[in-house]
Amino acid sequence: MRPIDGQSRLPHWFKVRMPGGPGSIRLGNLLRNSELHTVCEEAHCPNIGDCWERGTATFMILGDICTRACRYCAVTSGKPLGLDLDEPQRLARTVERIGLRYCVITSVNRDDLPDGGAFIFAQCILKIRERLPECKIEVLIPDFQEHGLRLVLRARPDVLNHNIETVRRIFHGIRPKGDYDYSLKLLQRVKEMNPAMVTKSGIMVGLSESWDEILETLADLRAVGCDLLTIGQYLRPSQNHVAIHRFYTPQEFSELREEGLRLGFRHVAAGPLVRSSYHADEQHSAASQILAYG
Ligand code: SF4
């Protein structure tokens with residue numbers, strides 16, 4: 001099949017809410033004055049109008065320059081500019097000001113730091129907890145080594161998310177500096193270190209993977225005890241990124257959701273516009289009920 005070039009021919013089921021509602025403007029203003037980055041903006045997320053109107057955003061810590069250059073990602077890659085030790089405090093202040101009940105924190109990759117930035121992640125969790133103890137915190141972490149993973153887990157996030165992003169066969173071409181098996185191992189180690197920790201992962205589809213390969217990846221994630229799953233359509237951020245191979249229909253997404261549930265995930269969010277942090281609060285609360293009542 002020939003790759004689809006660009007996004008001028010998005011299928012009709014891609015309907016996004018345009019930013020500009022009152023909630024979205026308020027949040028935008030608060031964020032603009034916060035000296036923080038959001039993945040919503042940096043990754044050109046199509047859900048920004050919807051999420052910001054709902055008062056939710058995903059913060060991107062450790063700067064806005066990534067040491068990797070994954071072929072699907074819009075975040076700028078290059079040499080990061082030092083470490084901002086005040087960032088956790090600033091983030092906590094902003095989360096309190098917005099009054100978030102559910103906060104998602106992710107970061108660029110910081111392969112230049114010995115702990116990959118895990119210390120700052122842990123500080124962000126602790127500082128938010130000091131100011132807003134009732135706020136649930138989900139961290140979407142890079143592939144930290146053991147030491148970094150321990151640091152983050154000790155700070156007790158509510159959800160530990162690490163995206164595998166794609167299937168084994170094409171993984172290396174999409175994430176040249178990542179490792180499929182290491183990502184699985186990381187999720188497994190989380191459960192070994194803290195069996196009660198809710199784990200989450202996500203994949204993008206439309207990158208030339210086959211249906212069977214997706215199911216294989218879902219099974220691999222379940223084999224390491226992953227609880228929550230997101231599946232969304234890959235959209236090409238620019239002509240310099242890997243092309244879209246095909247669009248999955250809403251029907252196919254609902255079949256993938258069923259497959260995920262059949263494999264034992266506690267919750268599966270699957271849809272063309274689903275992203276790792278899309279409606280993460282709803283996914284967490286649905287999963288918490290299942291975990292609480294069996
Ligand atoms: S899906 Fe996540 S990254 Fe996209 S706008 Fe919503 S919160 Fe931000």
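Mentor: Let us begin with E165, which is buried, because its relative accessible area is 12% and the cut-off for buried is under 20%. Keep in mind throughout that this is a predicted model.

Trainee: Where is E165 found, and what is its phi?

Mentor: E165 is found in the loop between β5 and α7, the latter covering 168-174, and it has a positive phi of about 75 degrees although it is not a glycine.

Trainee: And S208, what phi does that one have?

Mentor: S208 has a positive phi of about 90 degrees, and it is not a glycine; it is found in the loop between β6 and α9.

Trainee: Is S208 buried or partly exposed?

Mentor: S208 counts as partly exposed, because its relative accessibility is 28%.

Trainee: Which residue just after α6 takes a positive phi?

Mentor: That is R156, with a phi of about 60 degrees. As for helix α6 itself, residues 146-154, its buried residues are G148, L149, L151, V152 and L153, and these pack against α5 (118-131), β4, β5 (159-161) and α8.

Trainee: OK, on to the sheet. How many strands form it, and in what order?

Mentor: Eight strands form an open sheet with mixed pairing, and the order runs β1-β2-β3-β4-β5-β6-β7-β8. The edge strands, each pairing on one side only, are β1 (37-38) and β8 (267-271).

Trainee: What about β3, how many of its residues are buried?

Mentor: Six of the six residues of β3 are buried, so the strand is largely enclosed by the rest of the structure. Both of its faces are covered, with Y102, V104 and T106 buried on one side and C103, I105 and S107 buried on the other.

Trainee: Why do the residues split into two sets like that?

Mentor: In a regular strand the side chains alternate between the two faces of the sheet.

Trainee: Which helix lies across β2 and β3?

Mentor: Helix α4, residues 87-98, lies across β2 (58-61) and β3, and it runs at about 170 degrees to β2.

Trainee: Changing topic to helix packing: at what angle do α9 and α10 pack?

Mentor: Helix α9 (residues 211-223) and helix α10 (residues 250-263) pack at about 35 degrees, with their axes 10 Å apart, and α9 passes α10 in a right-handed crossing.

Trainee: Which residues meet there?

Mentor: From α9 there are W211, I214, L215, L218, A219 and R222, which meet E252, E255, L256, E259, G260 and L263 in α10. By class, the residues of this contact divide into seven nonpolar, one polar and four charged.

Trainee: And how do α8 and α9 cross?

Mentor: The axes of α8 (residues 180-193) and α9 come within 9 Å and cross at roughly 35 degrees. Y180, L184 and L187 of α8 meet T217, D220 and L221 of α9, and the residues of this contact divide into four nonpolar, one polar and one charged.

Trainee: Last topic, the ligand. Which residues surround it?

Mentor: The ligand is surrounded by V39, C40, C45, N47, I48, C51, T58, R275, S277 and Y278. The elements that give two or more residues to this shell are α2 (39-42) and α3 (48-53).

Trainee: And what is the shell like by class?

Mentor: The shell around the ligand has six nonpolar, three polar and one charged residues.

Methods: Residues are numbered from 1 along each chain as its sequence is written. This is a predicted model: local features need pLDDT of at least 70, side-chain atom pairs count only at pLDDT 80 or more; totals for chains, interfaces and linings use all residues. Side-chain values use heavy atoms; hydrogens and water are left out. Two strands pair if DSSP finds at least two bridges between them. Helices (H or I, at least four residues) and strands (E, at least two) are DSSP runs, numbered from the N terminus. Contact means heavy atoms within 4.5 Å. Axes are lines fitted to C-alpha atoms, for helices over the stretch in contact, and angles run from 0 to 180 degrees between N-to-C directions. A crossing is left-handed if the near helix is turned anticlockwise from the far one by less than a right angle, and right-handed if clockwise. Ala, Val, Leu, Ile, Met, Phe, Trp, Tyr, Cys and Pro count as nonpolar, Asp, Glu, Lys and Arg as charged, and the others, Gly among them, as polar. A residue is near a molecule or strand if one of its heavy atoms lies within 4 Å of it. Buried means under 20% relative accessible area, exposed over 50%, partly exposed in between (1.4 Å probe, protein chains only).
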